[in-house]
Each structure stands twice: as C-alpha cells, then as structure tokens.
Amino acid sequence: MMLDKALLSTVGATGNRIKVELFYDVISPYTWFAFEALCRYQSVWNIDLKLRPTFLGGIMKNTGNKGPMLLPAKGQYMFKDLERNQKYFDVPMNVPSDPFEMIMKKGSIRSMRFLTWIDMNKPEYLEEVSRQLWMRNWSRDEDITQNESLEAAAKKAGFLDGDLNTALASFETPEVKKRLIDVTDEALAYGAFGAPWIVAHTADGSESFFGSDRFPILAMTLGEEWLGPNPLSSKL
C-alpha cells in the first residue's frame with residue numbers, strides 16, 4: 001500500500017527513513033542491476049538501504065530452484081536479456097567467456113564470506129567492494145574466488161593495507177561462516193528463492209520483491225516515484 005505523502009515527509013524529517021534490505025550475491029548478474037539502481041536511489045528516495053551479503057547457492061539448494069545455466073532455453077534467453085538490461089541500467093556488464101564454469105564450478109562462497117567479513121567489520125567499504133567484485137566477474141571476465149582477486153577488488157575500493165591483511169586472514173573463520181548462513185536463512189525466512197531479493201519495511205509491514213524489474217511496484221509501496229534506473233544520470 002502506498003504511504004501517504006504527508007506521512008512520508010514527516011518520517012523523513014525526523015530522520016526515520018524506511019529500511020530497504022537487499023539480499024545479494026555477486027554471482028548473480030541481475031542482482032548487479034538491482035544493486036546499482038538501489039544505490040543510486042539512496043539519495044533520491046526516503047530509504048535506509050541495508051546491503052545483506054547472502055549465499056545464493058544456499059537459497060537455491062534450500063528451495064529446490066534451478067539457475068538458468070541448468071535450463072538451456074532459459075540460459076539462451078538470459079544472455080540476450082542481459083544485453084538489454086545492461087543498456088537500460090547503464091551498467092558495464094559483459095557476459096564472461098565461460099559463464100557455466102564461473103557460476104556452477106567456481107561459485108561465490110569465498111567472495112560472499114569476504115563481503116560478510118567486511119559487513120561485520122568495515123561496512124563503509126561494503127558497497128564499493130561488492131561493486132568491484134561484480135566488475136571483475138561480470139565486466140572484465142576475471143576471477144573472484146582467489147585471495148589475489150579479493151585483494152585486488154578491495155584495493156580498488158580503497159581498503160587500507162592493514163585492514164586488508166586482517167580481512168584476508170579472518171574472512172573464513174567460523175564466526176563469519178555462521179553470519180553468512182544466518183543472513184541467508186533470513187532471506188529464506190522472507191520467502192527468497194533467488195536473487196536479488198529486496199525487502200521493504202514500511203508502516204504496513206514487510207514486503208518482498210524478487211528480481212531487478214519490480215522497481216515501479218517497489219516505488220509504489222514506498223510512496224515514491226520510479227524515475228528510471230539512473231535518476232541522477234550518473235555514470236559508473
């Protein structure tokens with residue numbers, strides 16, 4: 001239900017912004033589109049965006065869902081659809097040379113543990129390191145699983161050497177692994193069966209949205225206006 005505009009302006013004036021959670025995994029190309037759109041709208045909508053690193057493989061396993069790489073017709077459609085979305089969202093995406101190996105063989109578990117450590121310890125870097133990991137695998141066809149790859153992404157995001165050394169030594173501890181499992185379980189509790197999974201916490205309760213094509217409906221739910229994927233005409 002759309003929030004009353006007067007109520008929305010009052011809420012914004014008190015600094016009580018509407019929490020929107022993005023449960024995401026950098027293995028998902030469609031999630032990159034949603035990620036960039038929501039990051040751009042942080043300064044346009046009255047929202048408090050919470051980035052929630054999640055393991056998509058765990059969601060797929062728990063729900064019995066199958067990715068497009070396992071369904072030939074869906075996979076064939078996806079590559080053309082990604083090209084359209086790349087233009088629409090103004091995101092520098094390029095399909096990797098071997099998407100099956102990247103998604104199904106290499107996966108993203110180490111990347112998502114790395115981002116989980118950042119979320120727990122250096123959240124100010126979370127947005128940009130996430131973006132740099134997407135740039136590596138879905139723009140430049142580079143690895144995101146090895147320590148050297150994680151280090152390169154973090155340095156691109158401005159990580160200091162001391163913090164980076166700590167992150168690389170600590171991101172696969174039991175504490176971090178448990179946190180990633182717990183957040184993935186949170187997404188499942190909200191009904192997630194894929195990514196991106198967006199949860200808006202309005203005065204009427206929590207509502208979930210799947211995919212990168214639900215933004216007009218999300219805007220309606222928030223009492224906001226969807227101005228297209230790039231409201232500030234920014235460039236990556």
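Modeller: Gladly! Let's start with the word helix: here, helices are DSSP runs of H or I with at least four residues, strands are runs of E with at least two, and both are numbered from the N terminus. Please keep in mind that this is a predicted model. Counted that way, the protein has eleven helices and four strands.

Colleague: What makes the protein as compact as a globular protein of that length?

Modeller: The radius of gyration is 18 Å, and the globule rule gives 18 Å for 236 residues, so the protein is as compact as a globular protein of that length. Along the principal axes, its C-alpha atoms fill a box of roughly 50 × 45 × 35 Å.

Colleague: Where is Asp90, and why is it called partly exposed?

Modeller: Asp90 lies in the loop between α4 (72-89) and α5.

Colleague: Why is Ser108 called buried?

Modeller: Buried means under 20% relative accessible area; Ser108 has 4%, so it counts as buried. Ser108 is found in the loop between α5 (99-106) and α6 (109-121). Leaving out residues up to four places away in sequence, it touches Asp25, Ile27 and Phe55.

Colleague: How do you know that Ser108 and Asp25 make a polar contact?

Modeller: Their side chains come to 2.8 Å. The limit for a pair of N or O atoms is 3.5 Å, and one must be able to donate a hydrogen and the other to accept it. The side-chain pair of Ser108 and Asp25 is counted as such a contact.

Colleague: Are Ser28 and Pro29 buried or exposed?

Modeller: Both are buried: Ser28 has a relative accessible area of 7% and Pro29 has 6%, and the cut-off is under 20%. Ser28 sits in the loop between β1 (18-24) and α2 (29-41), while Pro29 is in helix α2. Not counting residues up to four places away in sequence, Ser28 touches Leu56, Trp134, Trp138 and Ala195. With the neighbours within four places left aside, Pro29 is in contact with Leu82, Met93 and Trp138.

Colleague: What makes the peptide bond from Ala195 to Pro196 stand out?

Modeller: Most peptide bonds are trans. The one from Ala195 to Pro196 is cis, with omega near 5°. Pro196 is in the loop between α10 and β3 (197-202).

Colleague: How much of the whole protein counts as buried?

Modeller: Of its 236 residues, 50% count as buried. The protein exposes about 11,200 Å², and carbon and sulfur atoms supply 53% of that.

Notes
Residues are numbered from 1 along each chain as its sequence is written. This is a predicted model: local features need pLDDT of at least 70, side-chain atom pairs count only at pLDDT 80 or more; totals for chains, interfaces and linings use all residues. Side-chain values use heavy atoms; hydrogens and water are left out. The radius of gyration is taken over C-alpha atoms; the globule rule is 2.2 Å times the number of residues to the power 0.38. Buried means under 20% relative accessible area, exposed over 50%, partly exposed in between (1.4 Å probe, protein chains only). Accessible areas come from the Shrake-Rupley method with a 1.4 Å probe; for residues, only the protein chains shown count as cover. Contact means heavy atoms within 4.5 Å.
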